[in-house]
Amino acid sequence: MPFETAIIERYKHREASVEESLIKMYLAGVSVRRVEDITQALWGTRVSPQTVSSNLNQKIYGKIEEWRNRPLRGAYPYVCLEGIWLKRSWGGKVKNISVLVALGVNEYGDREIIGVSEEAKKDKASWPSFLRELKERGLTGVLFISDKSLGLVESIPDFYPEAAWQRYAVHFYRDIMKAVPNTKIEDVMRLAKTIHSEES
């Protein structure tokens with residue numbers, strides 16, 4: 001009986017590693033047809049398109065949801081908030097989607113994506129929902145860093161009344177440069193960076 005269990009466990013481990021490899025290929029953008037060819041070459045078995053596109057999709061989205069909803073443990077003294085536009089290919093169509101992202105910097109200075117909300121817009125309605133989700137997952141008082149997206153700066157005190165907010169330095173520099181003659185940009189930029197390097 002122990003011998004049989006060992007065999008079963010070994011093959012279960014092999015099946016899991018094959019599935020994990022397929023997921024990684026799929027996420028890396030390898031086409032369904034190419035995944036079929038690779039599985040045929042590596043394991044002598046051609047994986048059906050349904051297994052790749054349908055079954056793996058379910059597993060992938062399950063893992064993504066699990067990651068998105070994980071509790072936030074530990075401190076993130078700094079959190080950068082950003083809304084970005086990405087192109088998504090789905091069913092042969094390319095669509096622009098908006099994604100809200102929270103990049104946390106932990107107590108050791110390491111950066112980590114701590115929150116993502118897909119198909120949310122950079123508007124007044126989306127930011128409160130995103131901030132509420134971060135709070136419910138355990139994010140505590142921080143310094144938020146962002147641009148002046150509509151509704152974002154106004155929403156922070158509703159969920160984090162003790163938190164501080166700072167505008168991205170690069171946006172600050174851009175605004176300064178718009179008001180400076182070209183001949184003075186280098187000097188003014190040097191002075192502006194000196195301000196940000198001061199301790200207080």
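Me: Before I look at any detail, what is the mean pLDDT of the chain, and where is confidence lowest and highest?

Reply: Where pLDDT is low, the predicted coordinates should not be read in detail. Here the chain has a mean pLDDT of 80, with 79% of its residues at 70 or more. Confidence is lowest in helix α1 (residues 2–27), where the mean is 56, and highest in strand β4 (residues 143–146), at 94. Over residues 1–14 the pLDDT is below 50, and this stretch makes one contact in the model beyond near neighbours in sequence.

Me: Thanks. Now to α6 and α7: how do their axes cross?

Reply: Two packed helices are described by the angle between their axes and the distance between the axes. For helix α6 (residues 169–178) and helix α7 (residues 185–197), the axes come within 11 Å and cross at roughly 150°. The crossing of α6 past α7 is right-handed.

Me: Which residues of α6 and α7 meet?

Reply: On the α6 side you will find Ala-169, Phe-172, Tyr-173, Ile-176 and Met-177; their partners in α7 are Ile-185, Val-188, Met-189, Ala-192, Lys-193 and His-196. By class, that contact has nine nonpolar residues, one polar and one charged.

Me: Let's turn to charges. How many salt bridges does the count come to?

Reply: The count comes to six salt bridges. Lys-178 and Asp-175 both lie in helix α6, three residues apart, or about one turn of the helix.

Me: Are Asp-175 and Lys-178 buried or exposed?

Reply: Asp-175 is partly exposed, because its relative accessible area is 34%. Lys-178 counts as exposed because its relative accessibility is 70%, above the 50% cut-off. Arg-167, at 25%, is partly exposed.

Me: And what does Arg-68 form with Glu-65?

Reply: Those two form a salt bridge, with the closest N and O atoms 3.2 Å apart. Both lie in helix α3 (residues 49–68), three residues apart, about one turn of the helix. Arg-68 is buried because its relative accessible area, 16%, is under the 20% cut-off, whereas Glu-65, at 37%, is partly exposed. Do look at Glu-133 too: Glu-65, Arg-68 and Glu-133 are linked in a network of salt bridges.

Note on methods
Residues are numbered from 1 along each chain as its sequence is written. This is a predicted model: local features need pLDDT of at least 70, side-chain atom pairs count only at pLDDT 80 or more; totals for chains, interfaces and linings use all residues. Side-chain values use heavy atoms; hydrogens and water are left out. Axes are lines fitted to C-alpha atoms, for helices over the stretch in contact, and angles run from 0 to 180 degrees between N-to-C directions. Helices (H or I, at least four residues) and strands (E, at least two) are DSSP runs, numbered from the N terminus. A crossing is left-handed if the near helix is turned anticlockwise from the far one by less than a right angle, and right-handed if clockwise. Contact means heavy atoms within 4.5 Å. Ala, Val, Leu, Ile, Met, Phe, Trp, Tyr, Cys and Pro count as nonpolar, Asp, Glu, Lys and Arg as charged, and the others, Gly among them, as polar. pLDDT is the predictor's confidence in each residue, from 0 to 100. A salt bridge is a side-chain nitrogen of Lys or Arg within 4 Å of a carboxyl oxygen of Asp or Glu. Buried means under 20% relative accessible area, exposed over 50%, partly exposed in between (1.4 Å probe, protein chains only).
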